[in-house]
Amino acid sequence: MLEVNRTELRVWDWGPEDGPPIVCAHGAYDHGRMFDEIAAALARDGHRVLALDLRGHGDSGPLSTGHTFEASVLDVAAVVKSLGRPAGLLGHSMGAGMLFGVAATWPELARWVVSFDGLGPPSSGFGEFSLEATAAQAFADIAKRSARGRRVFPDFATLAAQRGDINTRMPRRWVEHLARHGSRPEGDGVVWKWDPLFNTFLPDGFTWEWVTSDFAAVTCPVLVVRGGAEDMWTFPEAEVADRVSHLRDLELHTIDDAGHYLHLEQPDQALGHVRAFIQRVES
Amino acid sequence: MTRVVLLHDLGDPGGGAPWAEAMTAAGVVDVVAPDLPGHGSADPPVGGNYVRADAGYLLAGLLGDGLVLKDAVLVGVGHSGWVATVAAVGGHVGGVALIAGLGRPWRSVDDRLARRRRRTRELLADDAAMAVHEGPGADPRLRYVLEPHGDQALAIEAAALVTVPTLVVEPDLDAATLEVAAAFGGPVTLAETDTERSSAAREVAAWLATAPI
């Protein structure tokens, strides 16, 4: 556990202590153990790989409000600062978005950014957002979830099945891996470790322009690897082109037979792109 | 007598008590002015981070505990003006008063994000503000609270959905701010005055005397 920015973060650590550091950030509702295979592989290449449980996730500290994006960006920056040298930043989904925020805010901390399907929510998601409906429900949802706490599943199999039903493309062994390390016993059952408050929010005007504004401020090399298959985060090609057009030093790959969790579905392809990118930008 | 629930500004270390005193001095009888986490005498926020949503989560807790606002006025100061606006959009309040709470100064997305990045850089460089604050005195991290949302289009969208009586107190009713004020979906009263507690409290008291809450 690392005490940083007024919270505790669980940091999963691979590779030689003096190796060039890589810091990994997971997506919403996940945890650092999603990088177990890719981190071990990069550690074998001589890197020191640190995969965080972001605040409100895994074994890290709890939240006071819902999505605390800025706090997590600051957490990651504080972790990199504590290393005393800039790091490569590798993230999935929301975690990649946070790493873009780190690179945009502290260029001196980022050697490069790798984004696994982390271009922000598609604009169609914003289009469905209704301020009126959200405002009507938000306070009651927050109060209810705060009072109710975590949902208790009767057993691990039921909890893992819930995840498998949501992420239908995810290989079974990864569903179980993420569920095993992302849950803990509570009472007579099992609960997810992620903070129930993470599942709440108040409308705040977040739009895709926030995402691209950070992209435009990133100066280091960026690798974006997308899943090309139909999945929860599938983007129209034109929208992908628009998003990445804001990144000035970009390498883009699409893995056709993978969805949002491309690094779990096609780890060899994802790792191959990362290794080639690192070799190119660090040679 | 109309109940007033007041959410003070994020980053105002005194919390709700000075506002309650100002409201009482202005003649408002029934005032509830809780402290946001880390302000006044309230415990610091879990995880030590201050965000605009703190006031919303505080309000959600009060509503969950049975506070009824349907016949009350919710006052939002500064950042908390957005939370008060959201509560009004959601149909939770009988009226709303926004004290420097519309979200200004209005800025472009790029400008807002650039300023946020600058502020966050300064915070990371300040060891005292990054460390856990044990007291005494105000938390040094409160110096790094971000600006109000600054999104004029969002303010207009939200205002159009507010149909309850609304008081807008702003230090400068410039054209852009008047455009937001004109968008409110219900009766709106404008007051251009300094937003010191005593001045703002007098405006609220005067408005309460005539507003159809």
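Tutor: B:Ala100 sits in the loop between β4 and α4 of chain B. The model is predicted. B:Ala100 has a positive phi of about 45°, yet it is not a glycine. Most residues other than glycine have a negative phi. B:Ala100 counts as buried, because it has 21 C-beta neighbours inside 10 Å and the cut-off for buried is 20 or more.

The loop between β4 and α4 (109–124) of chain B also holds B:Pro105. The peptide bond from B:Arg104 to B:Pro105 is cis. Its omega is near 10°. Most peptide bonds are trans.

Now step back into the sheet. Strand β4 of chain B covers residues 95–99. Five bridges join β3(B) to β4(B), and the two strands run parallel. One pair to look at is B:Gly76 with its bridge partner B:Leu98 in β4(B). From β3(B) the chain crosses to β4(B) through helix α3 of chain B, residues 80–89. This β-α-β crossover is right-handed.

β3(B) also pairs with strand β1 of chain B, residues 4–7. Four bridges join them, and again the run is parallel. Here B:Leu6 stands opposite B:Val75 of β3(B).

How enclosed is β3(B)? Five of the five residues of this strand (73–77) are buried, so it is largely enclosed by the rest of the structure. In a regular strand the side chains alternate between the two faces of the sheet. In β3(B), B:Val73, B:Val75 and B:Val77 point one way. B:Leu74 and B:Gly76 point the other way. All of them are buried.

Another loop of chain B lies between β6 (188–192) and α8 (197–210), and B:Thr193 is found there. B:Thr193 counts as partly exposed, because it has 14 C-beta neighbours inside 10 Å. Leaving out residues up to four places away in sequence, B:Thr193 touches B:Val169, B:Ser199 and B:Glu203. B:Val169 is 24 residues from B:Thr193 along the chain, and their C-alpha atoms are separated by 6.8 Å.

Chain A has a positive phi to check too. A:Asn5 is not a glycine, but its phi is about 50°. A:Asn5 lies in the loop between β1 (2–4) and β2 (7–9) of chain A. A:Asn5 counts as buried, because it has 28 C-beta neighbours inside 10 Å.

Next, the contact between the chains. Chain A gives 39 residues and chain B gives 40 residues. On the side of chain A that touches chain B, the elements giving two or more residues are α2 (69–83), α3 (94–105), α5 (131–148) and α8 (208–217) of chain A. α5(A) gives the most, with ten residues. By class, this side of chain A has 20 nonpolar, eleven polar and eight charged residues.

Two of those helices, α2(A) and α3(A), also meet each other. Two packed helices are described by the angle between their axes and the distance between the axes. The axes of α2(A) and α3(A) come within 9 Å and cross at roughly 65°. The crossing is right-handed. α2(A) brings A:Phe69, A:Ser72, A:Val73, A:Val76 and A:Ala77 to this contact. α3(A) brings A:Met98, A:Leu99, A:Gly101, A:Val102 and A:Thr105. By class, the contact of α2(A) with α3(A) has seven nonpolar, three polar and no charged residues.

How values were computed: Residues are numbered from 1 along each chain as its sequence is written. Chains are lettered from A and ligands numbered from 1 in the order in which they are written. This is a predicted model: local features need pLDDT of at least 70, side-chain atom pairs count only at pLDDT 80 or more; totals for chains, interfaces and linings use all residues. Two residues are in contact if their C-beta atoms, placed from the backbone, lie within 7 Å. Ala, Val, Leu, Ile, Met, Phe, Trp, Tyr, Cys and Pro count as nonpolar, Asp, Glu, Lys and Arg as charged, and the others, Gly among them, as polar. Axes are lines fitted to C-alpha atoms, for helices over the stretch in contact, and angles run from 0 to 180 degrees between N-to-C directions. A crossing is left-handed if the near helix is turned anticlockwise from the far one by less than a right angle, and right-handed if clockwise. A residue is buried if 20 or more other C-beta atoms lie within 10 Å of its own, exposed if 12 or fewer, and partly exposed in between; C-beta atoms are placed from the backbone. Two strands pair if DSSP finds at least two bridges between them. A crossover is right-handed if, with the strands pointing away from the viewer, the path from the first strand over the helix to the second runs clockwise.
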